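Please read these notes with the structure open beside you. They go point by point, from the chain to its details.

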Amino acid sequence: MKVLLLPRALLLLSLATLPQLCVSASTVIIPSDQEMVIGSRAIIRGTVVSSLSGYDQRYKSVFTYTILRLNRVLKGEVTPNSAGEIVIKEPGGIIGNLGSDIFGIPQFKSGEDVLLYLDTWPDGSLRVYQWFLGKYTITINPSTGRELIA
């Protein structure tokens with residue numbers, strides 16, 4: 001009887017510690033609205049056209065490039081292309097068998113109406129300021145017809 005207890009105890013101990021090996025967490029300090037406005041290079045409203053991942057040779061990493069139709073610039077200077085679009089560059093994405101997923105990077109869907117706080121990468125390309133904290137989705141409340149920002 002004692003011989004069976006040791007393997008069972010080891011099995012239970014292994015199963016009890018397994019979740020600790022798989023679990024991770026992040027802590028985010030949420031900046032004030034004033035800090036977001038002051039810290040961002042620009043604030044814009046736009047509509048997501050598409051997203052595409054690609055490999056950046058300079059950073060030797062995968063990035064996702066999101067095209068937005070620029071609807072309004074609320075702060076700063078953002079110059080759209082001739083079609084009225086800008087490109088946002090965020091780390092992470094998948095190309096072929098190469099990819100990375102980074103917690104906190106904002107996700108975009110085609111047709112999504114967004115309010116973005118923007119900053120720039122050292123190469124001058126635009127990125128969302130403070131990762132997911134700098135992206136708000138705008139929807140219409142079906143009962144009232146008023147815009148909701150989430």
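1. Start with the pocket. Strand 2 (61-75) and strand 3 (85-91) each give at least two residues to the lining of the largest pocket. Strands here are DSSP runs of E with at least two residues, helices are runs of H or I with at least four, and both are numbered from the N terminus. A pocket is found on a 1 Å grid over the protein atoms alone: it is an open set of points with protein on both sides within 12 Å along at least five of seven lines, whereas a cavity is a set where a 1.4 Å probe fits but cannot get out. Lining residues have an atom within 4 Å of a point.

2. A word on the source. This is a predicted model, in which local features need pLDDT of at least 70 and side-chain atom pairs count only at pLDDT 80 or more, while totals for chains, interfaces and linings use all residues. Residues are numbered from 1 along each chain as its sequence is written, and side-chain values use heavy atoms, with hydrogens and water left out.

3. Back to the largest pocket. Its volume is about 200 Å³. That volume is the space filled by probe spheres set on the grid points, which are joined across faces, edges and corners. The lining has 14 residues, and T64, G92, I105, P106 and Q107 lie nearest the centre. By class, five lining residues are nonpolar, seven polar and two charged. Here Ala, Val, Leu, Ile, Met, Phe, Trp, Tyr, Cys and Pro count as nonpolar, Asp, Glu, Lys and Arg as charged, and the others, Gly among them, as polar.

4. Now the overall chain. It has two helices and nine strands. In sequence order the pattern is α-α-β-β-β-β-β-β-β-β-β. Of its 150 residues, 33% count as buried. Buried means under 20% relative accessible area, exposed means over 50%, and partly exposed lies in between (1.4 Å probe, protein chains only).

5. D113 pairs with R45, with the closest N and O atoms 2.6 Å apart. D113 is in strand 6 (residues 113-120) and R45 in strand 1 (residues 42-56), so this pair links distant parts of the chain, 68 residues apart. R45 also bridges to E147, at 2.7 Å between the closest N and O atoms. E147 sits in strand 9 (residues 147-149), so this pair ties together parts 102 residues apart in sequence. D113 is buried at 18% relative accessible area, while E147 is partly exposed at 46%.

6. A further bridge joins D123 to K89, the closest N and O atoms being 2.8 Å apart. D123 is in the loop between strand 6 and strand 7 (126-128) and K89 in strand 3, so parts 34 residues apart in sequence are tied together. D123 is partly exposed at 34%, but K89 is buried at 3%. As for the network asked about above, shared partners join R45, D113 and E147.

7. V28, I30, F103, W131 and F132 make a nonpolar patch of about 520 Å². Patch residues have over 30% relative accessible area and no salt bridge; nonpolar side chains (Val, Leu, Ile, Met, Phe, Trp, Tyr) are joined within 5 Å, like charges within 9 Å. Areas come from the Shrake-Rupley method with a 1.4 Å probe, and for residues only the protein chains shown count as cover. V28 lies in the loop between helix 1 (2-22) and helix 2 (33-39), and is partly exposed at 37%. F132 belongs to the loop between strand 7 and strand 8 and is partly exposed at 37%.

8. Check two backbone angles. W131 is not a glycine, yet has a positive phi of about 50 degrees. W131 is in the loop between strand 7 and strand 8 (135-140) and is partly exposed at 36%. K60, also not a glycine, has a positive phi near 50 degrees. K60 lies in the loop between strand 1 and strand 2 and is exposed at 58%.

How values were computed. A salt bridge is a side-chain nitrogen of Lys or Arg within 4 Å of a carboxyl oxygen of Asp or Glu.
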